[in-house]
Amino acid sequence: MTLIKEKTIAAKVRPDFPILHQEVHGKPLIYFDSAATSQKPVAVLDALRHYYEQDNANVHRGAHTLSVKATEAYEGARDKVARFVNAASRNEIVFTRNASEAINLVAYSWGLNNLQPGDEIILSVMEHHSNIVPWQIIAQKTGAVLKYVELTSDGEFDLEQFRQLITDKTKLVGVVHVSNTLGCINPVEEIIAIAHQYGAKVLIDACQSVPHMPIDVQAMDCDWLVASGHKMCAPTGIGFLYGKLDLLLAMPPFMGGGEMISEVFLDHSTYAELPHKFEAGTPAIGEAIALGAAVDYLSGIGMDKIHAYEEELTAYLFEQLRQIPDVKIYGPQPTAEGKGRAALASFSVTGLDSSDVSTLVDQEGVAIRSGHHCTQPLHRVLGVAGTARASLYFYNTREEIDGFIKALKETIEFFKSVLE
Ligand SMILES: *Cc1c(COP(=O)(O)O)cnc(C)c1O
């Protein structure tokens, strides 16, 4: 049954991804690094090209036809993203360069203006550097205090410790929805409900969830949510911030410039309405339009179907990886059906450096990442300098998992023979 389902999703979409049909070092490419950046389907590449070939003009300015077309396509992309995450209003979606910029927007605009000395910011030790460093900078500037939620023995977000940690002084909780290293899916709805009881705001880093599962910001009740386009089939240079309307209305601009103003005088300015207040300068127009095309593409397949298919891949990936004795996988185990975690595995191989593992499997055409995956504090908690990470998406197949496992086994055997 699983085989039939797989044929319907991966086999159907693979022709849409030209990049996947190439050889690397004379071997068919197995791209297992989608958590770092996903590949882009033809529909997205076409949207980008169509904009530059047919509609290229600046937005919100010209009284000419191309500018109207560009503006309609750009704002249409905002509508698509708003629907994709079920925002209550299109004005709750702000385009940014990436998720990092979206977090910095909240940190500088909201954090800098709302945090007082002694106020608390709670993050988790598994956060991506993008959701740590901006808060460190703002904490230094405001005198706010950073606190961290640790891991349970199963390598998951410690909800009980979070309950102990949060106080009336907690003003912000920043949590990753799906960890890009551990692959755990955090109980964000519970975290948000607890935080709101203390009057704290919650920012969700959804970089690894928005591309892989249905997201409903209203059901989640997060105050802000961020994601990057390039991990969800869109180009680089475009991401977005979702924020509750009343919060975004109260937040001052993050950057000043064209597009974000209403009127400019020599001594002061008034600002544009949402969402333009937060989009200073000419935006990444083509990239935003292509993000809209990516959202259409993903919705066309169905986020629930993508998630279910990735669970099947997860089950198979873990089943195979567990059979290699020298491999240690970090984060929670999936159920037999592949539920409870993302389709990625960070692992180490006894006696081997993670960068040697990725370099050697690359010789077999397999692209996996190695290093700290922008989660150095987490790697310190895990007690390793780096891990190797295989991360999958809906265009990957069981046959590719077999190819990866074969390359990994050969790598381990090669090192054993060298070391003997
Ligand atoms: C990739 C990633 C980020 C940062 O995204 P950028 O596109 O580099 O800004 C933040 N958090 C998580 C969990 C990520 O996977």
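**Salt bridges in a predicted model**

Mentor: In this predicted model, Arg78 is buried, and Glu75 is buried as well.

Trainee: What makes the contact between Arg78 and Glu75 a salt bridge?

Mentor: The side chains of Arg78 and Glu75 meet with 2.8 Å from N to O, and because a salt bridge asks for a nitrogen of Lys or Arg within 4 Å of a carboxyl oxygen of Asp or Glu, the pair qualifies as a salt bridge.

Trainee: How far apart are Arg78 and Glu75 in helix H3?

Mentor: They are three residues apart in helix H3, which covers residues 65–84, and are therefore separated by about one helical turn.

Trainee: Which residue forms a salt bridge with Lys80, and where does that partner lie?

Mentor: The partner is Asp296, with the closest N and O atoms 2.8 Å apart; the pair links distant parts of the chain, since Asp296 belongs to helix H10 (residues 285–301) and Lys80 to helix H3, 216 residues apart.

Trainee: Why is Asp296 called partly exposed?

Mentor: Its relative accessible area is 39%, and because partly exposed lies between under 20% for buried and over 50% for exposed, Asp296 counts as partly exposed.

Definitions and conventions. Residues are numbered from 1 along each chain as its sequence is written. This is a predicted model: local features need pLDDT of at least 70, side-chain atom pairs count only at pLDDT 80 or more; totals for chains, interfaces and linings use all residues. Side-chain values use heavy atoms; hydrogens and water are left out. Helices (H or I, at least four residues) and strands (E, at least two) are DSSP runs, numbered from the N terminus. Buried means under 20% relative accessible area, exposed over 50%, partly exposed in between (1.4 Å probe, protein chains only).
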